[in-house]
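Welcome, and thanks for taking a look at this one with me. Please have the sequence and the structure open side by side while you read.

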Amino acid sequence: MKRFGKLYTLVFTFALIAFSAYALLDTFVITRVYSSVEQSTNSGTNTAAVETAATPQSLSVEVAESDETAYRDENMSISLSTYYENDTTVYVADIQVDSPELLKTALSRNSYGRNVTAATSDTAANVDAILAINGDNYGSREKGYVIRNGVLYRDTASKGQEDLVIYADGSFEVINESEISAQELIDSGAVHVFSFGPGLIEDGEISVDADDEVDRAKASNPRTAIGILDENHYVFVVSDGRSNESEGLTLKELALFMQRLGVQYAYNLDGGGSSTMVFLDEVINNPTSGHNNGERAVTDIVYIGY
């Protein structure tokens with residue numbers, strides 16, 4: 001009986017370890033593609049298999065000028081600036097576009113799913129992005145709305161979750177998933193919805209305080225944020241952190257910085273090792289992932305392009 005008891009214990013322990021290992025692999029490693037993105041002209045179909053990536057027919061793409069810190073053509077202008085705030089290097093891309101259709105998103109590997117990831121620079125190159133930042137890394141969570149380029153991929157709400165909604169006219173709104181469904185957002189004209197957060201600025205007023213922080217994040221971190229100043233006038237902001245050269249920013253510090261830029265609405269995207277800005281195929285900031293320097297693979301990006 002003693003031998004049987006020991007054998008049972010060993011088998012049970014092995015099974016438990018195997019199950020735990022599989023659960024961890026399934027959560028963080030095993031790739032599961034739920035739907036693929038087809039690069040095709042918008043036919044008006046709102047399904048998870050079609051995502052618009054076509055150049056608006058009315059827009060020319062002739063380049064007027066471009067260098068390491070600026071890009072300009074007939075439809076957009078982008079200028080990069082570097083600041084040093086709170087012992088942290090902060091990169092700001094000031095963006096003005098003729099059409100909100102030039103503010104786009106892309107899924108890594110052209111697929112929606114779990115652990116479907118790629119470096120921000122790789123996804124940016126895949127869609128010929130002029131400027132790109134990492135998105136909300138939706139794949140690290142099982143809940144939270146996912147709407148990209150007018151396509152509803154996930155409608156599972158997370159209680160109390162603040163989302164950024166970008167509408168077809170390019171305007172921003174911060175909503176609470178407890179108060180509105182994903183389908184209602186689609187019906188109201190939502191083109192992109194990000195579920196990371198929190199919102200930083202609403203109607204020009206700071207909406208976070210010194211005690212707010214992303215779960216499990218350090219107070220000072222690399223950060224990625226997006227904001228709107230006026231119609232078709234946006235900013236992408238990325239800060240370094242976790243290094244001797246850059247301490248990183250708190251959410252309140254990030255909000256105060258963006259308020260000084262004149263931002264009317266601002267939203268915090270995935271930060272830490274994910275924070276990356278790419279301009280004309282070059283990584284602009286200094287991503288730090290764990291103990292290593294370099295880009296972290298993420299599930300999605302926000303970008304400016306055709």
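The numbered points below go from the overall picture to single residues.

1. A word on the kind of model first. What you see is a predicted model, so please read every value here as computed from predicted coordinates.

2. Let us begin with the overall make-up. The protein has 306 residues, and 49% of them are buried. Its secondary structure consists of four helices and 25 strands. Among contacts with a separation of 6 or more, 71% are between residues 24 or more positions apart. The accessible surface is about 14900 Å², and carbon and sulfur atoms account for 49% of that surface.

3. Next, the inside. In soluble globular proteins, nonpolar side chains tend to be buried together. Here the largest nonpolar core has 32 residues, and the members that touch the most others are I78, I226 and F236.

4. Now for a sheet. Strands of a sheet pair through backbone hydrogen bonds, either parallel or antiparallel. In this model, five strands form an open sheet in the order β8-β25-β10-β21-β22, and the pairing is antiparallel. The edges are taken by β8 (103–107) and β22 (282–283); each has a single partner strand, so one side of each has no neighbour in the sheet. If you zoom in on β22, you will find that β21 (residues 277–279) pairs with β22 in the antiparallel sense over two bridges. V278 has V283 in β22 as its bridge partner.

5. Those two residues turn up again around S121. This serine sits in helix α2 (residues 120–126). Leaving aside neighbours within four places in sequence, S121 is in contact with V278, V283 and E295. Is S121 buried or exposed? Its relative accessible area is 17%, so S121 is buried, given that the cut-off for buried is under 20%.

6. A polar atom of the N137 side chain lies 3.0 Å from the backbone nitrogen of T299. With neighbours within four places in sequence set aside, the contacts of N137 are D270, S274, V298, T299 and D300.

7. The aromatic rings come next. A pair of aromatic rings is described by the distance of the centres and the angle of the planes. The structure holds four aromatic pairs. One of them joins Y112 and Y138: the ring centres are 5.0 Å apart and the planes stand at 25°, so this pair is stacked. Y112 lies in strand β9 (residues 111–114) and Y138 in the loop between β10 and β11, so the pair links distant parts of the chain, 26 residues apart. Both tyrosines count as buried, Y112 at 8% relative accessibility and Y138 at 0%. Ring pairs also bring in Y153, giving a cluster of Y112, Y138 and Y153.

8. How far apart are the ring centres of F172 and Y234? They are 5.6 Å apart, with the planes at 25°, so F172 and Y234 are stacked. F172 comes from strand β14 (residues 172–176) and Y234 from strand β19 (residues 233–239), so the pair ties together parts 62 residues apart in sequence. F172 is buried at 7% relative accessibility, and Y234 is buried at 0%.

Technical notes
Residues numbered from 1 in each chain as written. Predicted model: local features only at pLDDT ≥ 70, side-chain atom pairs only at ≥ 80, totals over all residues. Heavy atoms only, no water. Core = buried A, V, L, I, M, F, W, Y, C linked by side-chain atoms within 4.5 Å. Buried < 20%, exposed > 50% of the residue type's maximum accessible area, 1.4 Å probe, protein only. Pairing = 2+ DSSP bridges. Polar contact = N/O pair within 3.5 Å; in protein donor to acceptor, adjacent residues only side chain to side chain. Contact = heavy atoms within 4.5 Å. Phe/Tyr/Trp six-rings, centres within 6.5 Å; stacked < 30°, edge-to-face > 60°. Areas by Shrake-Rupley, 256 points an atom, 1.4 Å probe, with all protein chains shown as cover.
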